[in-house]
Structures are given as C-alpha cells and as structure tokens.
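Hi,

Here is the structure I promised to pass on. Have a look at it first, and then read my notes below.

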Amino acid sequence: MNIKTYNNFVKNGFCVINLFSKKNIDDLTNQLVKEINLKLVGNKFKFTKKNLANFHKVVLNNNSLKKVFDSKKRYIELKKNIIEKLNCKNLSSFLNQLWRHNNKKIVWIGNPRLKEIKYNKAGYRIFVPSKKKNNIKKSAGFPHIDAYSLKNNNFITLWIPLIGFSEKYTMMIAPKSHIKLHSKNKFAKKKNYISRILSKNYSNKFNFVRPRLNKGQVIIHHPNVIHSGGLNIGTKTRVSIEIRLFDQKKFDLKKNFDPKLFN
Ligand SMILES: [Fe+2]
C-alpha cells in the first residue's frame, strides 16, 4: 500500500484499496446466495448470483423477509481464500502503519449489548432501489458512527460491495468527521437501533461523499467517521458485506464495548 492511501485514511477517515479479485467477489456473492436460499428453505424461488440484483422484484412474504434481514443472523462465514486475502501485502502494510503490527481479529458484532459477537464472519446488507415500491424497509441506514467505546476503538471496517459499485450505490462518508469528538448530545434517541445514530441536525452539518469503486476494491473506514449505507439510487438491488478487523493485541470485550454508550 502506498503511503498516500494511508495518509488519506488518516486525513479523511477512509480510503479505498485494491483487495479482492473479481473471482473473490463472485465467490462471496455465491456464498451469500447459498446462505439466503438456506434461510428461505421451502420457498419456490431460488436466488442465484445473476438474479440477486433483482431482489427487489421478487415477491417474498413477511416471514421470509424477516429471515433474510434478521440482524442477529445477518452474516456469512468467511472462507479460507477470503481470510488469506486479508493477509495480503496491501492490507498488512496498512495495518502495520496503523497499529505497528498486523495481528488482527475478524469480529462480527450484532448487538454489543446482547453480546452478539462472532469471529471470522462478515455482516451482509441488502438495499433495494429507493424508487421501487416494495415491502422491504427502504431505509438505507441513518448517519452513524461504529465506535463502541470513547477510548478503545482499535478496529477498522472494510466495506465491500458485491452488487453496485458506482456512486449511485456506495456507502456515504463524511470526510474528516472522524477527527471530531461526537459528544453524547449529538446522538439521536432511538432505542431500537443498535448503531450509534447521530441526530439529523448534527449530521446535516457534514458533507458526504460516495466513492466510485471497481469490483474487488474496498473502502476502509475509521470507527469514528460519520457514515451511512446511503440511498440506493440505482436500478439494481445493492448488496454489500462488511468485515471488521480488531487490533488483536488490544482486543478486549470489556474495554472495547462501553455499555454506557448504548443506553
Ligand atoms: Fe456502520
């Protein structure tokens, strides 16, 4: 990884790196499709890598939708070839610059309050086009930060699109917002949400960008940067996965997850 990319991360709170091959992205999509079909067992319709982009056109009953979108189980297991890619030169050199070592722990976090934590798994997100009428929640997530603690945010998030790579689809990020301390009164009081959502008033003060990516490219973002899924203004259903890498030397369930921040 060149120093410029790392400096971009330090300056803006995110950067884009080349990480996966096109085949890796196809493999991940196939794996997700398999997982979704398993959740929908008994359903006549079968998803494939090709028709997943048309998720919004498929009529699914509420029970099926609940299964696909259940946040407690919205993850896939990471296979060996993908984990190996996380050890590549490009990412290792990034981590070496960030942590002075590259020992990482892959951690999926559902609701930290309920201790929904799993290892070597990646979360997945599916967002239908915002214009399409559908019975799936159209919300693409509110602007929020991922930070689970005020002091011990020893992790980075990799945002990896599987379907939808242009700025019509990609996540929204507010450059440089990671430098600010977002004080407690800047957060919305939404008890039903897991992530730390900021009030509209506060997040509206920031400018957001949506990076344009190539297949296999990944956004690395800081835990304190303000971001959201962003509305899907394309014609395909957007599908992405998220991998969280913790500094293994500092990974500590007690220190890394401050329960006070989620009350
Ligand atoms: Fe997030």
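Side chains of opposite charge can pair when their charged atoms come close.

Before you go on: this is a predicted model, where local features need pLDDT of at least 70 and side-chain atom pairs count only at pLDDT 80 or more, while totals for chains, interfaces and linings use all residues. Residues are numbered from 1 along each chain as its sequence is written, and side-chain values use heavy atoms, with hydrogens and water left out.

Now the salt bridges. Searching the whole structure turns up eight of them. One of these joins Asp27 and Lys23, at 3.1 Å from N to O. The two sit four residues apart in helix α2 (residues 22-39), so about one helical turn separates them. (Helices are DSSP runs of H or I with at least four residues, strands are runs of E with at least two, and both are numbered from the N terminus.) Lys23 is exposed, at 55% relative accessible area, and Asp27 is partly exposed, at 26%. Here buried means under 20% relative accessible area, exposed means over 50%, and partly exposed is in between (1.4 Å probe, protein chains only).

Lys121 and Glu77 make another salt bridge, with their closest N and O atoms 3.0 Å apart. This pair links distant parts of the chain: Lys121 is in strand β5 (residues 121-127) and Glu77 in strand β2 (residues 75-77), 44 residues apart. Lys121 counts as buried at 14%, and Glu77 as partly exposed at 38%.

Glu242 and Arg244 also meet in a salt bridge, 3.2 Å from N to O. Arg244 is buried, at 8% relative accessibility, whereas Glu242 is partly exposed, at 26%.

Next, take a look at helix α1 (residues 3-12). Its buried residues are Thr5, Tyr6, Phe9 and Asn12. They lie on the same side of α1 because they cover an arc of only 150 degrees around the axis, an arc taken from the directions from the helix axis to the C-beta atoms. Exposed Ile3 and Lys4 are on the face turned away from that buried side.

Last one: Lys85 belongs to helix α4 (residues 80-85) and is partly exposed, at 25%. Between Lys85 and Val107 there are 16 Å in space, C-alpha to C-alpha, and they are 22 residues apart in sequence.

Cheers

Technical notes. A salt bridge is a side-chain nitrogen of Lys or Arg within 4 Å of a carboxyl oxygen of Asp or Glu.
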